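Let's take a walk through this structure together. Have the sequence and the 3D view open as you read.

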Amino acid sequence: MLSNTDIAELLAQQAETETGILSRAFRRAARSAFLWPDEVSDLVVQNRSLTELRSIGPFIEKQIRQWIEEPRRPKTVPAIRRDFLSLAEARRLLSARPAWPRKLRGDLQMHTHWSDGSGTVAEMADAAANRSYEYIAITDHSKTLKIAGGIDELAMKRQGVEIAKLNAALSKSAVPLTVLRSIEMNLNQRGEGDMSPDSLRSLDLVLGSFHSALRTTEDQTERYLAALRNPHVHILGHPRGRIYNFRIGLKADWPRVFAEAARLDKALEIDSYPDRQDLNVALLKITREHGTHISLGTDAHHGWQLEFIDLGLAAALRAKIPADRILNFMPILELKTWAKCVRDRGMSKR
């Protein structure tokens, strides 16, 4: 039977043969396929309508049923759409290893209305509490990423006051959750951040990410090494910068990058957003060889998107990343100790 990832590729290929509204509909359905909670093949066996699924109307349902009745594998999957897990596949992998997701203690990338998210800090904390998390990191964008409503030092300080008040309220309640102060700091091509060092010292974690010059085809190894050597960065976010069927991402000497991260005891992220899934499984297998720390973040912009963590958990499981290399499996005191050691080590070398 065709899997949801097979169907996503067939939908993407069909979009390339169509024009206008129809092309956009097939393209949208291809992206949505990674979020379908059930395999299409299961729905067919259960005689359920495929219009239950996101972005599927009667016309596209008819096309999918035709593919299932006359099975054919997609043509060669182009690199821009390769190595993505579906949510249904991820949950199947996790259900076979239930001890693995139980190790998860928190989510280390999410956004609120302070930048380009839709929820408040309290709403994201509430969504995390419903998942029995021990901690979350609020990582709103920094000031030079204006398209995402990036915050400056003053706004970050105000947000810190809000987080402190929320943590005080949580500590008095029966909710064992801590909200970590963090930021997704925009990095330039020299690996430099856009926030003052003094403002960063008050944070629990700093996630550094590239958001520009992501389509260059030249080797970007030195750019990554510079980012990792930035003393204020703990985690390198969505490293390749890939986006499903939109951008293939950057190239680098990945073994050298991951070895440097391991030497500096810094972490590379699995951005679990369905369109990103970055790092992907193929690169995660290389991080395993070098003993690199891995961070899991959903990049959630709404509370319901915390469910995307299953994609990151499944990718780490499939790549056989050791549990002791995953930040999100650490108790909060261990995580804070790691972050302090990374920061102190980086500042001592300046």
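What follows goes from the sheet to the core, and then on to the aromatic rings and one threonine.

A word on ground rules: this is a predicted model, where local features need pLDDT of at least 70, side-chain atom pairs count only at pLDDT 80 or more, and totals for chains, interfaces and linings use all residues. Residues are numbered from 1 along each chain as its sequence is written, and side-chain values use heavy atoms, with hydrogens and water left out.

Start with the sheet. Helices (H or I, at least four residues) and strands (E, at least two) are DSSP runs, numbered from the N terminus, and two strands pair if DSSP finds at least two bridges between them. With that in hand, look for an open sheet of 5 strands, in the order 4-5-6-7-8, with parallel pairing. Its edges are strand 4 (184–187) and strand 8, each of which pairs on one side only.

Now step across it. Strand 4 and strand 5 run parallel and are joined by 4 bridges; here N186 has S209 of strand 5 as its bridge partner. Moving on, 2 bridges join strand 5 to strand 6, again parallel, and L207 stands opposite I235 in strand 6. Strand 6 pairs with strand 7 in the parallel sense over 2 bridges, with L236 opposite L268 in strand 7.

Which way do the side chains go? In a regular strand the side chains alternate between the two faces of the sheet. In strand 5 (residues 207–210), L207 and S209 point one way and G208 and F210 the other, and all are buried. Buried here means under 20% relative accessible area, while exposed means over 50% and partly exposed is in between (1.4 Å probe, protein chains only). Strand 8 is mostly covered, with 5 of its 5 residues buried: H293, S295 and G297 point one way, and I294 and L296 the other.

On to the core. In soluble globular proteins, nonpolar side chains tend to be buried together. A nonpolar core is a set of buried Ala, Val, Leu, Ile, Met, Phe, Trp, Tyr and Cys residues joined through side-chain atoms within 4.5 Å. The largest one in this model has 68 residues, and V179 and I183 have the most contacts inside it. Helix 12 (residues 309–318) gives the largest share of this core, 7 residues. Apart from it lies another core of 25 residues, including A15, A33, L53 and I68.

Next, the aromatic rings. Rings of Phe, Tyr and Trp (its six-membered ring) pair if their centres lie within 6.5 Å; planes under 30 degrees apart count as stacked, over 60 as edge-to-face and the rest as tilted. By this rule there are 10 aromatic pairs. One of them joins F84 and Y244, edge-to-face, at 5.2 Å centre to centre with 80° between the planes. F84 is in the loop between helix 4 (58–69) and helix 5 (87–96), and Y244 is in the loop between strand 6 (235–236) and helix 10 (254–264), so the pair ties together parts that are 160 residues apart in sequence. F84 is buried at 8% relative accessibility, and Y244 is buried at 3%.

Y273 and F308 make another pair: their ring centres are 5.2 Å apart and their planes are at 90°, so this pair is edge-to-face. Y273 is partly exposed at 25%, whereas F308 is buried at 1%. Elsewhere, F210, Y224, W254 and F258 form one aromatic cluster.

Some rings have a charge over them, meaning NZ of Lys or CZ of Arg within 6 Å of the ring centre and within 35 degrees of the ring normal. The charged end of R242 sits over the ring of F84, 3.7 Å from its centre. R215 lies over the face of F246, at 4.6 Å from the ring centre.

Finally, find T287 in helix 11. Is T287 buried or exposed? With a relative accessible area of 1%, T287 is buried. A polar atom of its side chain lies 2.7 Å from the backbone oxygen of L284. Leaving out residues up to four places away in sequence, T287 touches F258, L279, T292, I294 and I321, where contact means heavy atoms within 4.5 Å.

Key. Polar contact = N/O pair within 3.5 Å; in protein donor to acceptor, adjacent residues only side chain to side chain.
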